Amino acid sequence: MKTNQACVVLLEHVTKYFDQRRPVSLWKREHSRIYALNDVSFTLRRGEFAAYAGPNGAGKSTTFKLLAGLLRAQQGQVKIFGADPCVKRIEVMRRTGVLFGNRSELWWDHPVRASFEWKKAVWDIPDGVYRTNVKRLKELLDLEPLWNTFSRELSLGQRMRADLALTLLHAPELVLLDEPTLGLDVLAKRRMIDFLKLANQELGVTMMVTSHDMDDLTEMANRLLLINRGRRAFDGSYEALLRMTGDHRLVRLITSADPPVPEGLTLVDRSGDRCTYRYDGTKIPSPRLFTLLAGIPGIRDIQMEPENIETVIANLYQKWSSGREAAAPEAGIG
Ligand SMILES: Nc1ncnc2c1ncn2[C@@H]1O[C@H](COP(=O)(O)OP(=O)(O)OP(=O)(O)O)[C@@H](O)[C@H]1O
Ligand SMILES: [Mg+2]
């Protein structure tokens with residue numbers, strides 16, 4: 001795997017483990033080695049928007065810490081813009097913005113604006129660039145009402161907006177966001193997603209975002225990277241994931257009679273005159289489905305919809321945790 005101009009992030013056979021020591025008695029300690037990442041490789045090209053997802057403890061935050069130069073891998077190569085973030089931390093961070101949703105970079109006991117002024121001074125951001133970026137970020141993230149508020153007095157959503165703006169203040173070309181929508185209400189989340197899409201599409205910022213909300217991720221990103229127990233488990237588009245897991249769809253019927261369950265469909269819910277069936281769109285094409293439904297008497301209404309991505313992913317995690325499928329086959333982008 002070679003780095004080139006368009007390759008913004010590169011992980012090549014990266015292994016990161018933590019040695020843990022737990023006291024089991026007064027005299028005895030138990031040693032264990034946790035593999036947070038185990039031989040993980042992927043690249044991110046300029047302008048891509050990748051969602052990085054996986055169950056708790058899968059290794060997502062560890063990946064971001066390696067990319068931010070906060071941790072060093074025991075094996076393999078980590079490169080951002082062709083440089084090792086541990087060695088060229090300042091150069092890399094001038095072009096990169098990193099946000100850990102559970103940790104604030106704002107000065108707790110100061111007004112929000114003080115953190116921005118501090119970053120301007122420390123990062124030596126030119127006056128013109130600072131003014132333009134602050135104006136734009138204030139507008140897009142609705143920061144004006146918070147500008148003079150003490151950071152400690154912000155609500156979680158307000159804090160997250162201010163932190164995101166601070167991350168973007170130096171106009172980074174690469175943005176790594178670890179759970180940026182954590183705890184946001186529906187409206188705040190909507191604004192955040194719209195903002196990130198805009199930054200990616202109009203400014204060409206390369207994005208990598210983690211979240212446990214799959215709906216958010218599939219809406220924002222065109223590439224899905226799934227990680228499980230420190231190993232890359234899937235890399236490709238949402239459509240490719242559906243081809244792998246099965247394109248599960250739901251069909252809801254309102255009937256006057258007690259309907260049978262057609263072959264190939266599974267009954268998932270029945271209450272009164274309403275029934276919901278699940279079927280795999282890759283196995284039952286639409287013409288076949290219509291033929292099956294035509295055999296059901298007394299249908300008054302039909303609705304069809306794809307199964308919620310949350311359910312698709314939850315089923316996948318369930319398979320992984322029960323060990324039936326340690327790692328799914330790769331698909332799509334390599
Ligand atoms: N500093 C550390 N010391 C020891 N073990 C660690 C450390 N940091 C992470 N780990 C372990 O590495 C594994 C991966 O952790 P990581 O925080 O990367 O997971 P994650 O995918 O971000 O999970 P979550 O969705 O819960 O945020 C976990 O088993 C965790 O316990
Ligand atoms: Mg995490």
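## The β11–β12 hairpin

In the hairpin of β11 and β12, where two residues lie between the strands, Gly-272 takes a positive phi near 60°; helices (H or I, at least four residues) and strands (E, at least two) are DSSP runs, numbered from the N terminus. Strand β11 (residues 266–271) and strand β12 (residues 274–280) pair in the antiparallel sense over five bridges, two strands being counted as paired if DSSP finds at least two bridges between them. Thr-266 has Arg-278 in β12 as its bridge partner.

Of the six residues of β11, the number buried is zero, so the strand lies largely in the open. A residue is called buried if 20 or more other C-beta atoms lie within 10 Å of its own, exposed if 12 or fewer, and partly exposed in between, with C-beta atoms placed from the backbone.

## Model and confidence

This is a predicted model, in which local features need pLDDT of at least 70 and side-chain atom pairs count only at pLDDT 80 or more, while totals for chains, interfaces and linings use all residues. Residues are numbered from 1 along each chain as its sequence is written, and chains are lettered from A and ligands numbered from 1 in the order in which they are written.

The protein chain has a mean pLDDT (the predictor's confidence in each residue, from 0 to 100) of 88, and 95% of its residues reach 70 or more. Among the elements of the chain, helix α10 (residues 309–321) has the lowest mean pLDDT, 80, and β4 the highest, 97. Over residues 325–334 pLDDT stays under 50, and the model has 24 contacts beyond four places in sequence for this stretch; two residues are in contact if their C-beta atoms, placed from the backbone, lie within 7 Å. Where pLDDT is low, the predicted coordinates should not be read in detail.

## An open sheet and its helix

Three strands form an open sheet in the order β2-β1-β4, with antiparallel pairing. The edge strands, β2 and β4 (75–80), each pair on one side only, and neighbouring strands of this sheet are turned by 30° against each other on average, direction ignored. Helix α1 packs on the sheet, touching β1, β2 and β4, and its direction makes about 115° with that of β1; axes are lines fitted to C-alpha atoms, for helices over the stretch in contact, and angles run from 0 to 180 degrees between N-to-C directions.

The pairing of β1 with β2 is antiparallel and runs over 13 bridges, among them the one that joins Cys-7 to Arg-45 in β2.

## The shell around ligand 1

The residues around ligand 1 include Phe-18, Gln-20, Ile-34, Asn-56, Lys-60, Ser-61 and Thr-62, a residue being near a molecule or strand if its C-beta atom, placed from the backbone, lies within 6 Å of it. At least two residues of the shell come from each of β1 (7–23), β2 (29–45) and α1 (60–67), and α1 gives the most, with three residues.

By type, the shell divides into four nonpolar, seven polar and one charged residue. Here Ala, Val, Leu, Ile, Met, Phe, Trp, Tyr, Cys and Pro count as nonpolar, Asp, Glu, Lys and Arg as charged, and the others, Gly among them, as polar.

Most residues other than glycine have a negative phi, and most peptide bonds are trans. Glu-179, in the loop between β6 and α6 (186–203), has a positive phi near 55° and is partly exposed, with 19 other C-beta atoms within 10 Å.
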